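Here is a briefing on one structure. Start with the model itself, then work through the notes by topic.

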Amino acid sequence: MEEILEESALRAGWTAADSEPTGSFHGPNGARVRFVRESDGVAPDRWVILLECASAARPRCAFAIPVMSQPGGLSGEQHRRRIVSVALAAPALVHAGAARQWWEAHGELPMWARQDDGPWLPVVKARGAQRRSTVVPAPDEATTVRIDNFWEELAGDPLPGAISRADRTRTVLKAAGWRDTTGRSARRRHGRRIIAAFSYRDPRGGSHRCAYVLTGDPRLPEALWWHCDLPAPPGSADDDRVRAELLLDVTGENDPDLPFAAPAGGVPGADALGGRGDARLGSVLRLLTERVPESPATYAQLVDDLTLTTTVVDLGRPNHPARHFSGYLRSTSRPSMDPGPSTSAGTWDECVAALRAQPRSAAHWRAMGGRAAGDRRAHLAVAAYRQALALEGDDGETQLMLAWFRHRTDPNGALVELERAEEAGAPGTWRLRAEIQLDHLGDPEGALTTLRAAVEEDRATPSDPGSWQALGSALLDTGRSADAARVLAEGAGRHPDQLPLLRQLVTARLSAGEHEGTLDALEDLVSHTPSEIDRVLRRFAGSGLGAELRFQRLPAVALAAQRDRHRRVREAARPAVTPELGSADARVEAFANLCADAGFQPCPLTPDALDSDVTEPVLRRLLCEVGMPTRVTGVDFVRSVTRKVPRLIAWQRHRGGSESSMYDRDFAIHGLCRFGNAGAPDRALAVDGASGDVFRVVVGRPGSSRLTWLAPGMDVFFASIQRVADSGDD
């Protein structure tokens, strides 16, 4: 823990306190932090992080955060790093007047707190199912009142800078017709401290609320909270209604301090990020007052402009007490045509360090643009890409990225950027060009021309299956279902491994009324990806296709394809050369002798107890004539000894027999029968019912499970287990 605290404190700019015991650090606003066994009787026999704050603007206070096991999936180290980061963020937020919001923004972390040299107070969420701690005792009613008073005294007035920015917000919004509701709004809402609040109702029925808030989160400590509720357009479904809740950065102080400069040719310098402080606030307020959205479409345009100006955080559903950011706002572009920002860059720290070391490196600026784009911080990405172009102006991919960020707010300007990108040799510009033509300029024929040209390029040099899907989607959108089906069928033939093409082909043929063609496409789809059967059954079972015999046979088609897929996986795991096996009679006799000599206590199985997947003759004889060993050193065979009538059943049926488990894509369970665990529940021992091979399966998250061949037969496997036991090795 001391190492974690030292590493995090020094990285955050704290300094070691040389005149104090080792492990004590000084931080901003007179703060001190250290890791101690206990403090003045708090948390006896427990290690705590002791944080003391001595800001000139607030009463002197201290917090003791216990280091304890953390539920919810965090490991011990993850939890320790989390509470260290929480503690180091506190001094600045306490100084700003957001102490309570700091506590609430971090899940109401259990802790003790005190003011000056007063008594320690337990600070913990204490009601019902929300009880968070068994270490910090629940406060009684009198203590709860003292804790509330502690937070109020610690809050005081906001800092002058925040008050000044809130006053400026009030002036601008009131001049634009917003109503000041500060006196009628709660001082705290959903974990945020409100300094000023406003509301606006447009003539079409939309309502907006806005507040200047302190969030208590160090990633965005001061922000403009905006709640938008817009009715669905006339004649559309209520699902088209917009209800959004966003936080807008109005200071820019938490943007990374990048070494923007003006090299030869000139680029935006100090104001490359739209300015900081009052300049950033002015840009955000200008957009909100000049572009108040009246429909879902204008809302989307405004948000696009905001993301190019500042950091925008989506808080999810309105009126939901989200105390953690749910992530930076994501683009809603068409997935079939959207080139998407690159996320191949390193971490923030790596990108910033590289730029500070080599501020005139276009490659490093592109990497920073990719990192910012990957985190959906568009204003940072655009500034970084512009700097890269100023240093190296003929980079087509960078020009393409700038066009991508610009296309929703200025489609004609984005087309100019695209032409520059094409002149510089950027690949895949057709995607963005078609999207601009189709969705922003209202030119579907121009989009189809662009997409047909991309398909012709792929016909000549197959490399981009997305062009076929994009053309098929555009044809469907313009009502040309038969043409879409022909294009998608050709694309699927040229790129048979592309699941999106197969899915789209089903839709196109169904839309074109091609009954048999739709069934053909469905068979191809579930044969290629058997796990699609669940989605297919849910979508089409109630349609006219559901009564067709070919449709009813689709689960069998999927199961056969999955069995074949899993068989190939197991064959690939089996070594090229395996030990020679004797005759069936010799193997059964040797296995019986082994079980008797080793004390395996075999439990014979009846033929009815064997799954239908168990077809290998010698395996059936081993299990029925000798039995399944139940006592083996070093291996846990829970499956075979906890049943009154032992059975060997197929893995997928043992997992519950649900449709989803029947078409598991992760590892080769079909044809395997699990019979034990190799030291841990996630390390399964299984036998191939068709070949008799024994495998170990490490069951992990999707895509991380592993299959390892162990032996060509169950008798050989148990013999090797006994040899290991006899040798004394682990």
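Ala384 counts as buried because its relative accessibility is 0%; buried means under 20% relative accessible area, exposed over 50%, and partly exposed in between, with a 1.4 Å probe and protein chains only. The model is predicted: local features need pLDDT of at least 70, side-chain atom pairs count only at pLDDT 80 or more, and totals for chains, interfaces and linings use all residues. Residues are numbered from 1 along each chain as its sequence is written, and side-chain values use heavy atoms, with hydrogens and water left out.

**Overall**

- The protein chain holds 27 helices and 18 strands; these are DSSP runs numbered from the N terminus, with helices being H or I of at least four residues and strands E of at least two.
- Of its 730 residues, 49% count as buried.
- Take the contacts in the protein chain with a separation of 6 or more: residues 24 or more positions apart account for 57% of them. Contact means heavy atoms within 4.5 Å.

- Ala384 sits in helix α10.
- Neighbours within four places in sequence aside, Ala384 is in contact with Phe260, Trp365, Met368 and Gly369.
- Ala384 and Leu258 lie 126 residues apart in sequence, yet their C-alpha atoms are 9.0 Å apart in space.
- Asp395 belongs to the loop between α10 and α11. Its relative accessibility is 16%, so Asp395 counts as buried.
- Beyond its neighbours within four places in sequence, Asp395 is in contact with Arg366, Leu389 and Ala424.
- Helix α9 covers residues 362-374. Its buried residues are Ala362, Trp365, Met368, Gly369, Gly370, Arg371, Ala372 and Ala373.
- The cover over those buried residues includes α8 (348-357), α10 (378-391) and α11 (396-406).
- At 1.5 Å a residue, the 13 residues of α9 should span 18 Å, and the end C-alpha atoms are 18 Å apart, which agrees. The expected span is 1.5 Å times one less than the number of residues.
- Arg376 follows α9 and has a positive phi, near 60°.

**Helix α23**

- In α23 (residues 617-626), Val618, Leu619, Leu622, Leu623 and Val626 are buried.
- Seen down the axis, these buried residues fall within an arc of 130°, so they line one face of the helix. The arc is that of the directions from the helix axis to the C-beta atoms.
- An α-helix has 3.6 residues a turn, so residues three or four places apart point the same way.
- At the start of α23, a side-chain oxygen of Glu616 comes within 3.2 Å of the backbone nitrogen of Val618.
- Just after α23, Gly627 has a positive phi of about 120°.

- Which residues of β12 are buried on each side? Glu222, Leu224, Trp226, Cys228 and Leu230 are buried on one side, and Ala223, Trp225, His227 and Asp229 on the other.
- For β12 (residues 222-230), 9 of the 9 residues are buried, so the strand is largely enclosed by the rest of the structure.
- Strand β11 (residues 207-214) runs antiparallel to β12, joined by 8 bridges. Two strands pair if DSSP finds at least two bridges between them.
- His208 has Cys228 in β12 as its bridge partner.
- β12 also pairs with strand β13 (residues 242-249), antiparallel and over 8 bridges. There, Cys228 stands opposite Ala244.

**Open sheets**

- Seven strands form an open antiparallel sheet in the order β1-β2-β3-β4-β5-β6-β7. Its edge strands, β1 (15-16) and β7 (121-123), each pair on one side only.
- β1 pairs with β2 (residues 25-26) in the antiparallel sense over 2 bridges. Thr15 stands opposite His26 in β2.
- Helix α4 (residues 141-155) lies across β5 (61-66), β6 (111-115) and β7, at about 80° to β7. Axes are lines fitted to C-alpha atoms, for helices over the stretch in contact, and angles run from 0 to 180 degrees between N-to-C directions.
- Another open antiparallel sheet has 4 strands in the order β15-β16-β17-β18. β15 (672-677) and β18 (706-711) are its edge strands.
- The twist from one strand to the next averages 35°.
- Helix α21 (residues 554-573) packs on this sheet, touching β15, β16, β17 and β18, and makes about 60° with the direction of β18.

Notes: A polar contact is a pair of N or O atoms within 3.5 Å; within protein, one must be able to donate a hydrogen and the other to accept it, and residues adjacent in sequence count only if both atoms are side-chain atoms.
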